[in-house]
There are 2 protein chains.
Amino acid sequence: MVKIAAAAIVATATLAASTAFAQAKPEDAIAYRQGAFKVIGWNFGPMAGMVQGRIPYDKDGFAKRAANVAAVAAMPLEGFGPGTDAGAPTKAKPEVWSKADDFKAKMMKMNEEATKLAAIAKTGSLDDIKKQFGATGATCKACHDDYRNK
Amino acid sequence: MVKIAAAAIVATATLAASTAFAQAKPEDAIAYRQGAFKVIGWNFGPMAGMVQGRIPYDKDGFAKRAANVAAVAAMPLEGFGPGTDAGAPTKAKPEVWSKADDFKAKMMKMNEEATKLAAIAKTGSLDDIKKQFGATGATCKACHDDYRNK
């Protein structure tokens, strides 16, 4: 039990340390992280359309969207600071804070795969791009499954 | 009159050309641009606090926020495509679309000054950083004054 409690404290501290602006009002933090996700989703949509053949593939357009996602991918995390589980409508589950270490690891994994996608989108083959797009999308889904209410 | 109409068409075309995802639903475009502005505002706040002495100045923290703003500064524009003046609550004035050339120029100016701020924040003196922060904030205000309802 002591070990579990200590782990929880470390996890909370880790999340707090990543939130340099943790003194923000919860509603502002929630609006911020939702805004960052909106930017990610807006750019993800057309990439999905291209990968799935619903939109003509445009290498430069795809690469630009991948770069946009990579530029923002690390940003939402600091909007999940302590005390931001309520204060405005949010789909974030309590596990974001009770399993903060895993949540942070999953967010970092998304950032990592998005960064790879941005690099591959510039120079890779369409097959490689599709593969990395899938890997990136899977990291989104992993977090949504565990940490976001429907 | 013909000249004015032609200018308006060019302005509209220019704005449309910058919106590769112009087929998006108006409510999605509005949520996207508001999200991008939320990300900018979230990062701008602590920089303002440091410049004004309300928060202790932290060179790395300031530089990180300036980099975040620069990464997102060019993004909101494509959320102002044709037909996105309504469809969800928005403070955008009709002049965004009727004076699209000037609106776009002001948005690009903001992007330019934010990019300069990110560079100066890394290596400049605090005086230079404060000066460039002021120049960047002025470009935000210029657009808010003309194109955003209170």
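Which residues does Met47(B) touch, not counting residues up to four places away in sequence? They are Phe62(B), Arg65(B), Ala66(B), Val69(B), Leu117(B) and Phe133(B). Contact here means heavy atoms within 4.5 Å.

This is a predicted model: local features need pLDDT of at least 70, side-chain atom pairs count only at pLDDT 80 or more, and totals for chains, interfaces and linings use all residues. Residues are numbered from 1 along each chain as its sequence is written, chains are lettered from A and ligands numbered from 1 in the order written, and side-chain values use heavy atoms, with hydrogens and water left out.

**The interface**

| Chain B with chain A | Value |
|---|---|
| Residues in contact | 22 of chain B, 22 of chain A |
| Buried area | about 1,800 Å², 77% on carbon and sulfur atoms |
| Salt bridges | 2 |
| Polar contacts | 4 residue pairs, both at pLDDT 80 or more |

Buried area is the accessible area (1.4 Å probe) that two parts lose on being put together, summed over both. A salt bridge puts a side-chain nitrogen of Lys or Arg within 4 Å of a carboxyl oxygen of Asp or Glu. A polar contact is a pair of N or O atoms within 3.5 Å; within protein, one must be able to donate a hydrogen and the other to accept it, and residues adjacent in sequence count only through side-chain atoms on both sides.

Glu78(A) and Arg65(B) form a salt bridge through their side chains, at 2.9 Å, N to O. On the side of chain B that touches chain A, helix H2 (26–51) and helix H3 (59–72) of chain B each give two or more residues. H2(B) gives the most, 11 residues.

Technical notes: Helices (H or I, at least four residues) and strands (E, at least two) are DSSP runs, numbered from the N terminus.
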